[in-house]
Amino acid sequence: MGINQLFKKKYFLASLQFATLLVFILLIYGAIGVTTNNKDFALVLRNTNLSNLIVWSYWWPFIIVTAIILGRFWCSICPMELITSFFGKIGFRRKPGTILKSGWIITLFYTLILVVGIHTFAIHRIPRYMAYYMLILLAVAVTAGLVWEKRTFCTYICPIGHLLGLYSMMSLKQLRVKDTDVCKNCKTKDCISISNHYIFSGRSCTSELYPAAISDNRQCILCGQCHKSCSKDNIEIKKRTPVLDLFSEIKLSWAEIFFFIFVSGFVVYEVLSEWKSGKNILMFLPDILNNSLAIPGIFTGTVNAMLLFVIIPTLFYSLFVLLSRLFLNESENIKTSFTRFVLAILPVIASMHFLKSILKTTSRIPYWKFAISDPLGYQSANAIIGNTLTLNKTAIVFLFPYISILALVLLFTGLIISMLIIFKQKNVKKVTKFFTLTTVMIYAGLFFIFLIKWRIF
Ligand code: SF4
Ligand code: SF4
């Protein structure tokens, strides 16, 4: 049975959403009672606690990889959509205001999780904090559902909304109408009919989209509801040329632009910190700042994250965008200049985010045995720290050369796509393209040197 036939089935995605909701609850249950104040113990516990291991080393990488390959596939089975849509049905159904519609709530929520959640309170290392984070997500989805109409949480609040939207522009799949003429002549417009917004299956689009007018992959969460609703059977999920959207005249919002700038800082940190010397270089400036300001305890992580993910990337992009604007043909909107940079750099960053996901999932293979036999993870973590349990690293050693090759293939693929995007950008002077290319080469060069030093020499 093909994917389009599956999407027509009444319970196809809803049943998967119920399954992921159950898993979501079980993950919280397996993590909420598990905690530690010891930083070194947390470094091992994060891998021996089954819930923590699944969330950060498998579930999260799965979301990144599928977004790049398949688009917002994760959204189609996300339990938050199920929850928020349910509460949307029984809630106040207010219209979202301009602040929500600006997309900045998504960017701020994501930055908060990164800076405060991960780099201050270590929600990725302490299972109990991870459970709190998941409960907060759930509470926000319920509240958004109760207050605002449709699926406002998915469209304007979900902290990874922009990330999935931006990466889905590279995907191999898209949901579109088969024939726009059929839509023009369609009298019922089931896919956007207000009377269909709150039914369980075959809803009209509650992501503010009109399927016949979808021009890129960013907003469609592949929920398949319009697919079921269309009485003319005029909607399909089909293959497409990968990275197609990045070659089109995409207009990004400021919230998406800054979201991407912060993500690029995060990806540089995540990939380079796999190599000890790379991490030392990265931490040079944050360490100076922390020491000179005598920042206490956990807040050094806050300073590190603000500097590496927010301040330095913002200054870096701004510098090159402003330099490129000195040579513009005609007056160009500054948002358009930033957009040009973001679209060009995105493939390199996405390729390294993909790599980080692979590194994470493969490097945690040795922990599976212990996480299954001791799901809470205390005993295994103690035994590993006390050297009475040894990790079997055979799989990691075996995979090492293949992952090194994959890393270079990913980087060069990302670089070639980035270069093609720059060369195809219209109405841009060569000297302006030169600055965009320089920015891409700085990122690619940084990753290349790191990969060669870390994996090969
Ligand atoms: S997608 Fe289907 S329901 Fe929507 S306008 Fe087109 S034909 Fe009509
Ligand atoms: S366009 Fe269709 S598949 Fe996409 S979000 Fe709207 S209803 Fe869901």
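Ile-261, Phe-262, Ser-264, Gly-265, Phe-266 and Tyr-269 of helix 14 meet Leu-308, Phe-309, Val-310, Ile-312, Pro-313, Thr-314 and Tyr-317 of helix 17. Contact here means C-beta atoms, placed from the backbone, within 7 Å. Helices are DSSP runs (H or I, at least four residues), numbered from the N terminus. By class, this contact has ten nonpolar, three polar and no charged residues. Nonpolar covers Ala, Val, Leu, Ile, Met, Phe, Trp, Tyr, Cys and Pro; charged covers Asp, Glu, Lys and Arg; the others, Gly among them, are polar.

This is a predicted model: local features need pLDDT of at least 70, side-chain atom pairs count only at pLDDT 80 or more, and totals for chains, interfaces and linings use all residues. Residues are numbered from 1 along each chain as its sequence is written, while chains are lettered from A and ligands numbered from 1 in the order in which they are written.

**Helix pairs**

Two packed helices are described by the angle between their axes and the distance between the axes. Axes are lines fitted to C-alpha atoms over the stretch in contact, and angles run from 0 to 180 degrees between N-to-C directions.

| Pair | Axes come within | Crossing angle |
|---|---|---|
| Helix 2 (residues 12–31) and helix 4 (residues 50–70) | 7 Å | roughly 130° |
| Helix 14 (residues 254–272) and helix 17 (residues 299–325) | 8 Å | roughly 115° |

The angle makes helix 2 oblique to helix 4. Helix 14 and helix 17 are roughly perpendicular to each other. The cut-offs are under 35 degrees for roughly parallel, over 145 for roughly antiparallel, 65 to 115 for roughly perpendicular, and oblique for the rest.

Helix 2 uses Leu-27, Gly-30 and Ala-31 to touch Leu-50, Ser-51, Asn-52, Ile-54 and Val-55 of helix 4. That contact divides into five nonpolar, three polar and no charged residues.

**Ligand shells**

A residue counts as near a ligand if its C-beta atom, placed from the backbone, lies within 6 Å of it. Ligand 1 has 13 residues around it; Cys-183, Cys-186, Cys-191, Cys-230 and Lys-232 come nearest. Its shell holds nine nonpolar, one polar and three charged residues.

Around ligand 2 stand residues including Cys-205, Cys-220, Cys-223 and Cys-226. This shell has nine nonpolar, three polar and no charged residues.

**Thr-143**

Thr-143 sits in helix 9 (residues 127–147). It is partly exposed because 15 C-beta neighbours lie inside 10 Å. Buried would take 20 or more, and exposed 12 or fewer. The C-alpha atom of Thr-143 is 9.0 Å from that of Gly-91, 52 residues apart along the chain.

Definitions and conventions
Helix = DSSP H or I, 4+ residues; strand = E, 2+ residues; numbered from the N terminus. Contact = placed C-beta atoms within 7 Å.
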